[in-house]
Amino acid sequence: MTSPNSLETLTLDQVLKPNSLFQQSAPKFGHDFLKYYSFKAGFLNLNNGSFGALPKVVTEACTELTAWQEENTDYFFRIGFIPPLIGVREQLAKFVGASDVDEIVMVANTSTGMGVVLRNFLWKSGDIIIRCNTTYATVYKTIQYIHDTTPGVQISEFQLLFPTTRKAVLKGWQKHIDNVKLNAPKGSKIVAIVDSIVANPGASMPWKEMVKICKDAGIWAIVDGAHSVGQEPLDLKTSGADFFVSSAHKWLNAKRGCAFLWIPKKSRDIMLTTIPTSASYVSPGPDRPETNIVSQFQYNGTIDYTPYLSVDYAFKWREWVGGEAAIHKYCNGLAREGGKVLARVMDTNVMDPDGEFTLAMVNVVLPIAKDLSAVYDASIATALTNKLLAQNLFAVTFYHRELWWTRVSAQIWNDLSDFEILGNALVSICSEIVAEHKNANIPQNSKAQSFNSYLERPFKGAVAHDYNKGLGYPQPVTATTVVPVGYHTHLASIRP
Amino acid sequence: MRECFSFDPEYINMNHGSYGSLPSPVAEAIKPYYALAEANPDLFHRFTSIDLIRNVRERMAKFIGAAHAEEVVFVPNASHGLNTILRDFTWNEGDIICSCNTSYKSISTTAQYISDIPPHPENAQFSILFPTSHTKIIQDWRAYLQSLNETRAQSARELGRRPKIVAIIDSIISVPGALLPWKEMVKICKEEDVWSVVDGAHSIGQEPDLNLAEADPDFWVTNCHKWLYAKRSCALLYVPKRNQHIIKASFPTSHAYISPEKRDVLNFVEQFEWNGTIDFVPYISASCALDFRAWLGGEHVINAYCHRIALEGGKRLAQILGTEIIDEGQDFQFTLNMVNVAVPFPPTMSSDFEIDMAFRRKLLIKKKIYPAFFYHNGKWWTRCSAQVWSQVEDFEFLGEAILEACKEIVREFGDGSEEKAIREIGKEVENLTLKI
């Protein structure tokens, strides 16, 4: 492709040719789809939820986009990227039910989107931020940071404990909100974080009702929708939320480093600046254009725009495979059936047997003895992660309410037999861990009353000594090896 | 050399300084990492990328002369790094945040934003007007900081405590593309008890022999995707151990964040290892970029060539345009690989942004060549970046193109003499009106 001869800008349809694959008909969902992804042969991916997976056709489109960027960087960064970026924002705006393209801006990931919203509020002493014990770690800690740096800002934590019912959650949430309002200092603002789909456990929440409870009480509702776009249908203009953030690189097949932030017009006044602040920032006042924040998000530091622009091709991919309804039907059905299979194989139980909280992710208890689960043990978290990877498969494992669980993602490349395989692997892994821990010398500071109290003070370098292998120091992990139990990194145990 | 880059063959890239360029060998070298990221996303993001990036960080720390690898972390770009620093300071009434008229626009707006919100620290601005000299800048900087200290002493008396002054200093200004005596300016900051935050966006890969342990700024940020050939976007944030307590949190805040009062050990590096899912390969690409540069001959060979072409090309361009290089009176002490040459407009020419837009149409689109254009101290200038693919002939082609464009622009927009006359008449009327 050569640089343009006029100021005529290009749309993505002109930059990216339709993939020849789209001429063929798509296969049925299941293992027939594996050839369209780039997983290493034999790797069983049951964790789309954490990092997504880039279909090969979208990878190819991204290569084209990068080549376009490098051909003439001045053209691209001063002129070329703008209409395609607006085009992607328009597509997303329609897809998620925003009222207007200018309500959608792009950010690198949900942590960034949530962070930029929370840090734009002008916090004062007496203000209250409501989070849950299940709030995602980066958001949980952003709230901690705001509390630590603004004297007098309080945190109110709602305990979300599974298993539960939607009814009980709403009742508890209402009670919590009422209590906070009752005791709030006069003139303070109250901001609540609501997860549309919690990460650990993977649970679809009655978030619109929770938002309504907030709004009825005059409380700001910021929705962390990281897992929502591509996993559930969205109609944000009727959601009542004040802000909504979701990652397109999880369930929407975009390239990693792509999320959107929904800023309805009513919330614009809060958003003073992007982070980093853009060159187009205008100080608040009569000279500041109404859509200044939208201009700021268009460019606020040199980045690679390919992830944002990949959304266009991701939509084409999803249409080709069968469309949103078909994808959701398959994944949700598989999650439910798969959960039952897992529970049978491991002889445990599904967290949410009625499926009230289940979309494409399902949570099942792990067969780890109760005495070992009594307190949170970071070395068990690591052991689970390491041993799963050593068997060339992966699903998330996490600690909740004195039990260890697995969270499994059902995707269009999975089928029921995958859950059978995972179940058997987990049975052997868990019995290994139980045996190893009987005589291992676990450092005391790798344990904590709860995961959240551990999160307050994460540390690195805890080693569970395997008395058989006599491991001393953690060994570095290379691209081709995974060190079995004994190597701890707090990252492995905290990220979802 | 152009074979190593993937430019449109008709495009002459004279503005590497703005966005950088990814060499094809580096693009190839990072393909295996992208394959790993998709082969097993969990293994890559939980383990492999963390360890790879740790190694690259250590290599980069050595490259910039940091005393410890734990003083260097990756951030997406210089703006991000500088915002992290500036936002992590606890601002109080009476504090002064000091930037320059030549600071990068987004950094000026960051300083503006910080003073826009409570508790409204003061936003001060140091002035650098070219043509000037390193000696003069150093002199003026000392005098300026001393005057800020007087202001601070006054505030201290009123507030009953001593406010802080935070200065943002460019190592190499963007427009004009000019190397500042930043190390001397940092020294003066220390003498005047002022925090030195260095925006070194253009430094790595252009300023040879960086030795941060020796220069000892309080904070320093640079873009690897500019002159070092890393993939966009990739930058380094350097914070010496003595100042890491200032960086309370990364942006976004990491799960590894620990409340300052509970923090009994520095966790600077941990906080920057994971801040949400991104494409981590650009950080890894910095190492591949260093390998490529070593293959080209190493830092001194690359920069000697680029510097020579910048000077020769700049002189040739000034000759063709009948104008001057911005620092020819100071023995080109401001010129590394970017050279600034005056545009042959009449002195009354408008400073409006539409002139730059006109250059884009006539040069970037029509002639497929585009250096940066900017208005500074009463004149239009062009900033040309010299890179390993550049030749003096490029500057000659550019010179002819600019001459033609200038004629057309003056025809289209006028030479500003009418507007100037109108402004002066307006001033006279104002004066007369006031007298009445």
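This is a predicted model: local features need pLDDT of at least 70, side-chain atom pairs count only at pLDDT 80 or more; totals for chains, interfaces and linings use all residues.

Me: OK, then what does Gly202(A) touch, leaving out residues up to four places away in sequence?
Reply: Gly202(A) touches Phe357(A), Met361(A), Asn363(A) and Arg407(A).

Me: And where does Gly202(A) lie?
Reply: In a loop of chain A, between strand S6 (197-198) and strand S7 (203-204).

Me: Is Gly202(A) buried or exposed?
Reply: Buried, because its relative accessibility is 3% and the cut-off for buried is under 20%.

Me: Switching to the interface. How many residues does each chain put into the contact?
Reply: Chain A gives 89 residues and chain B gives 77.

Me: What area is buried between them?
Reply: About 7,300 Å², and carbon and sulfur atoms give 56% of that. On the chain B side, the residues losing the most area to chain A are Tyr19(B), Arg46(B) and His255(B), which together make up 12% of what that side buries.

Me: How many salt bridges are there between chain B and chain A?
Reply: The count is 5. One pairs Arg256(A) with Glu38(B), where the closest N and O atoms are 3.0 Å apart.

Me: And how many residue pairs in polar contact?
Reply: 32 across the interface, counting pairs where both residues have pLDDT 80 or more.

Me: Which elements of chain B give two or more residues to that side?
Reply: Helices H1 (16-19), H3 (31-39), H4 (41-63), H5 (78-88), H6 (105-116), H10 (268-273) and H13 (353-365) of chain B. H4(B) gives the most, with 10 residues.

Me: How do the residues on that side of chain B divide into nonpolar, polar and charged?
Reply: It's 29 nonpolar, 27 polar and 21 charged.

Me: Now chain B as a whole. How many helices and strands?
Reply: Chain B has 15 helices and 12 strands.

Me: Why say its radius of gyration agrees with a compact globule?
Reply: Because a compact globule with 436 residues would come out near 22 Å, and chain B has 23 Å. Along the principal axes, the C-alpha atoms of chain B fill a box of roughly 70 × 65 × 35 Å.

Me: What share of chain B counts as buried?
Reply: 63% of its 436 residues. As for contacts in chain B with a separation of 6 or more, 71% come from residues 24 or more positions apart.

Me: Let's pick a residue in helix H11 (residues 281-296) of chain B, say Ser287(B). Buried or exposed?
Reply: Ser287(B) is buried, since its relative accessible area is 15%. Leaving aside neighbours within four places in sequence, Ser287(B) is in contact with Val56(B) and Arg59(B).

Me: Last one, Ala67(B). Where is Ala67(B) found?
Reply: In the loop between H4 and strand S1 (72-75) of chain B. Ala67(B) is exposed, because its relative accessible area is 52% and exposed means over 50%.

Me: And how far is Ala67(B) from Glu214(B) in space?
Reply: 8.9 Å, C-alpha to C-alpha, while in sequence Ala67(B) and Glu214(B) are 147 residues apart.

Methods. Residues are numbered from 1 along each chain as its sequence is written. Chains are lettered from A and ligands numbered from 1 in the order in which they are written. Side-chain values use heavy atoms; hydrogens and water are left out. Contact means heavy atoms within 4.5 Å. Buried area is the accessible area (1.4 Å probe) that two parts lose on being put together, summed over both. A salt bridge is a side-chain nitrogen of Lys or Arg within 4 Å of a carboxyl oxygen of Asp or Glu. A polar contact is a pair of N or O atoms within 3.5 Å; within protein, one must be able to donate a hydrogen and the other to accept it, and residues adjacent in sequence count only if both atoms are side-chain atoms. Helices (H or I, at least four residues) and strands (E, at least two) are DSSP runs, numbered from the N terminus. Ala, Val, Leu, Ile, Met, Phe, Trp, Tyr, Cys and Pro count as nonpolar, Asp, Glu, Lys and Arg as charged, and the others, Gly among them, as polar. Buried means under 20% relative accessible area, exposed over 50%, partly exposed in between (1.4 Å probe, protein chains only). The radius of gyration is taken over C-alpha atoms; the globule rule is 2.2 Å times the number of residues to the power 0.38.
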